[in-house]
Amino acid sequence: MNKTILHLDLDTFFVSVERLINTELQHKPLLVGGTSDRGVVAACSYETRGFGVHSGMPMKMARELCPEAVVIRGNAGTYSKHSDMVTEIIKEQVPLFEKSSIDEFYADLTGMDRFFGCYQYASELRQRITKETGLPISFGLSVNKVVSKVATNEAKPNNQLKVDFGYEKLFLAPLSIKKIPMVGDKTYQTLRNLGLRKVKTVQEMPMDLMQRVLGKNGVVIWKRSNGVDHTPVIPFCERKSISNERTFDKDTIDVVKLRGILLAMTENLAFQLRRGEKLTACIAVKIRYSDFNTYTKQMRIPYTSADHILIPKVMELFKALYNRRLLVRLVGIRFSHLVSGNYQINLFDDTEEALNLYAAMDHIRERYGDKSVVRASAMGARTIGRMHNPFNGQPPIVLAHRKQ
């Protein structure tokens with residue numbers, strides 16, 4: 001039986017939510033993201049794209065290209081709420097789905113043609129989402145995830161497209177190679193230097209040649225260009241790491257401030273681990289200097305989720321890493337090698353009072369928010385905190401970097 005994979009994508013999601021909240025923003029050029037010059041465009045309306053604006057662009061550049069655009073910082077909690085509304089509708093209607101990001105979904109409709117036309121079913125699902133949430137959404141329908149995703153992008157804005165079985169190569173052939181998922185700016189430039197512009201040219205090339213040029217990625221790109229993809233729809237997203245980072249509005253050399261922010265990040269991430277019943281065995285600290293050189297150090301540790309173990313290790317890595325005495329642009333922390341489990345008590349070092357203190361603080365944070373209890377030295381880190389449990393099976397919310 002041929003598979004039938006549906007890809008749904010909420011059009012300019014952050015922009016659409018803002019317009020839903022404030023109807024005066026309709027048909028106006030709109031940018032959502034960091035509002036300072038160092039902010040990043042998380043989403044932009046179609047009205048701004050004619051000026052060359054795109055998501056991921058520095059906000060300063062976007063403002064220069066489109067001075068009349070309205071700039072909104074955005075609210076992750078609001079976007080999560082509207083995303084959850086769409087998720088609930090899809091969950092009710094579809095037998096198997098994967099939420100790949102806050103505004104993107106895959107659904108496996110294989111076999112449903114026996115009872116109901118898949119295209120008609122997807123069309124009615126799209127209409128229901130638009131009617132009940134007020135958000136525009138597009139979809140692509142094909143035999144696999146890659147072709148469906150490309151079809152969705154071709155259908156936008158607020159439209160739908162089906163690629164019939166056997167026509168995958170024909171559909172992809174006239175498109176730019178940049179429209180194939182996994183082809184970023186650097187890969188695109190490499191392929192353009194080889195004289196490749198259209199997907200059809202890649203389809204006609206031997207797979208071995210693509211492998212020699214791009215390694216394993218070349219094989220994947222060749223297969224995707226030929227409409228070949230066997231990636232299954234995965235209903236649950238298991239986090240492999242958890243991280244936090246901050247970009248400063250103004251580069252700083254204030255070591256006390258840097259340590260306070262790192263401490264706040266560590267404290268918050270440790271709470272997230274305990275809330276999700278996870279343990280980490282690898283800590284990484286990142287620093288980006290004002291000259292944009294970025295350095296990272298990591299260390300392996302016994303599995304833990306305790307503040308009093310993680311904080312000294314993070315400070316140790318920071319001390320080893322921060323040796324250039326230059327202005328710092330960004331700092332970040334990542335915990336990886338995650339496993340399920342609870343903190344293993346150290347028979348000799350841990351006390352009952354310390355463990356009860358962790359439990360009490362976590363209870364307060366669960367009830368009143370992540371920032372309701374913090375160490376005094378971390379009080380200067382105003383924006384450290386999360387809107388949701390990162391281990392709830394949902395993909396992370398991708399917004400422009402918060403500023404400190």
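Hi everyone! Helices here are DSSP runs of H or I with at least four residues, strands are runs of E with at least two, and both are numbered from the N terminus. The model is predicted, so local features need pLDDT of at least 70, side-chain atom pairs count only at pLDDT 80 or more, and totals for chains, interfaces and linings use all residues. Residues are numbered from 1 along each chain as its sequence is written, and side-chain values use heavy atoms, leaving out hydrogens and water.

Let's start with D103, which sits in the loop between β5 (97–101) and β6 (104–108). UniProt, in an unreviewed entry, gives the feature "binding site" at D9 and D103; such annotations may be inferred rather than shown by experiment. These positions are spread over 95 residues of sequence, yet they cluster in space, with a largest C-alpha distance of 5.8 Å.

Now, D9. This residue belongs to strand β1 (residues 5–10). Is D9 buried or exposed? Its relative accessible area is 6%, so D9 is buried (buried means under 20%, exposed over 50%, partly exposed in between, with a 1.4 Å probe and protein chains only). Beyond neighbours within four places in sequence, D9 has contacts that include D103, S138 and K156, where contact means heavy atoms within 4.5 Å.

Finally, a pair of helices. T187, T190 and L191 in α8 meet M210, V213 and L214 in α10. The residues of this contact are four nonpolar, two polar and no charged (Ala, Val, Leu, Ile, Met, Phe, Trp, Tyr, Cys and Pro count as nonpolar, Asp, Glu, Lys and Arg as charged, the others, Gly among them, as polar).
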